[in-house]
Amino acid sequence: WRVRVDGPASRGSLAVPWDLTGSAPVVLDMDRLVLASRTRAPAAPGEPETPLLPTEFPALQIAVRSLEVQGRRFGSLEARVQRVPDGLRLERATLAGSSFTARADGEWLLAPGAPGSATRLRGEVESTDVRDTLTAWGFAPSLTGASGRATGQLNWSGGPEGEVFARLRGTARLSVQDGQLANVQPGAGRVLGLMSLAALPRRLTLDFSDLTDEGFAYDSIVGDFEFRDGSAYTSNLVLKSPAAEIGIAGRTGLVARDY
């Protein structure tokens, strides 16, 4: 089947093979795709909810020039998902926007020797304008940065549905360079930054942006995170600036939304 779609939320074409259980993929070629949040319909009273299984889904080949999910602008998407005997394998996926590129691969497979399934995902994100990337992805633009990079290896029980954060496990590393913490008034820290010997090369090039720009200037933010039990833990998140070196250790509740 070949379908042409043109409306406020989507514009493009869809090609569906006759045999959805074969190797031929469902091909999605879209100029624009806007997706809203969606939850599964609850099971009828007294009936257990049937888990989604990766063996029930077809192979996919996706090309979207403009993707928006729940108000978040993810730029263009290219992805290929292959059917394997025990589920689905994401061979590659690439998101590209005006200030970021994200790449990922992984798999959603039946859990060996147990009911249900499990998902594994490996990925990296690179940004050339951290504030612009955060804004596009729907986060508060409280951080600027000339460059940023994040890498991670994540896994969780089940598939890409429901509250993934509650089941998330894995690790990630974050690195951001040369930016500002917005809405921070460092006070005397600006004076300390002016006198810091570590900032001498910056002063010799007549760079006083850390003293004149809004917020608290930093040279780098680097740290590692571990995800488990609905939270993200760090013991080595370090912010370095001409005025101070700040270390952070603790927990961020991804589900409870606390610190």
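The model is predicted. Its secondary structure comes to 4 helices and 13 strands. Of the 259 residues in the chain, 32% count as buried.

- Among contacts in the chain with a separation of 6 or more, 48% are between residues 24 or more positions apart.

**Nonpolar cores**

- The largest nonpolar core has 18 residues, and the members that touch the most others are Val64, Leu67, Leu77, Ala79 and Leu95.
- At least two residues of this core come from each of strand 3 (26–35), strand 4 (60–69), strand 5 (72–84), strand 6 (87–96) and strand 7 (100–110).
- Another core lies apart from this one; it has 14 residues, including Val130, Leu143, Phe225 and Leu237.
- Leucine 67, one of the members of the largest core with the most partners there, has contacts beyond four places in sequence with Leu33, Arg72, Arg73, Phe74, Gly75, Leu77 and Leu95.
- Two of these contacts of leucine 67, Leu77 and Leu95, are themselves listed among the core members that touch the most others.

- Strand 5 and strand 6 run antiparallel and are joined by 9 bridges.
- These two strands form a hairpin, with 2 residues between them.
- Within this pair, alanine 79 has alanine 93 of strand 6 as its bridge partner; Ala79 is also one of the core residues named above for touching the most other members.
- Strand 6 also pairs with strand 7 in the antiparallel sense, over 8 bridges.
- The hairpin that joins strand 6 to strand 7 passes through 3 residues.
- Leucine 90 stands opposite glycine 106, which belongs to strand 7.

**Serine 220**

- Serine 220 is located in strand 11, which covers residues 216–228.
- Serine 220 counts as buried because its relative accessibility is 14%, and the cut-off for buried is under 20%.
- Beyond four places in sequence, serine 220 touches Val176, Gln177, Val238, Leu239 and Lys240.

**Threonine 151**

- Threonine 151 belongs to strand 9, residues 147–157.
- With a relative accessible area of 25%, threonine 151 is classed as partly exposed, a class that lies between the limits of 20% and 50%.
- The contacts of threonine 151, leaving aside neighbours within four places in sequence, are Gly123, Glu124, Thr171, Ala172 and Arg173.

**Surface patch and valine 3**

- A nonpolar patch on the surface is formed by Trp1, Val3 and Trp18, which together have about 490 Å² of accessible area.
- Valine 3 of this patch lies in strand 1, residues 2–6.
- Valine 3 is partly exposed, since its relative accessible area is 37%.

Note on methods:
Residues are numbered from 1 along each chain as its sequence is written. This is a predicted model: local features need pLDDT of at least 70, side-chain atom pairs count only at pLDDT 80 or more; totals for chains, interfaces and linings use all residues. Side-chain values use heavy atoms; hydrogens and water are left out. A nonpolar core is a set of buried Ala, Val, Leu, Ile, Met, Phe, Trp, Tyr and Cys residues joined through side-chain atoms within 4.5 Å. Buried means under 20% relative accessible area, exposed over 50%, partly exposed in between (1.4 Å probe, protein chains only). Contact means heavy atoms within 4.5 Å. Two strands pair if DSSP finds at least two bridges between them. Patches are made of residues with over 30% relative accessible area and no salt bridge: like charges are joined within 9 Å, nonpolar side chains (Val, Leu, Ile, Met, Phe, Trp, Tyr) within 5 Å. Accessible areas come from the Shrake-Rupley method with a 1.4 Å probe; for residues, only the protein chains shown count as cover. A salt bridge is a side-chain nitrogen of Lys or Arg within 4 Å of a carboxyl oxygen of Asp or Glu.
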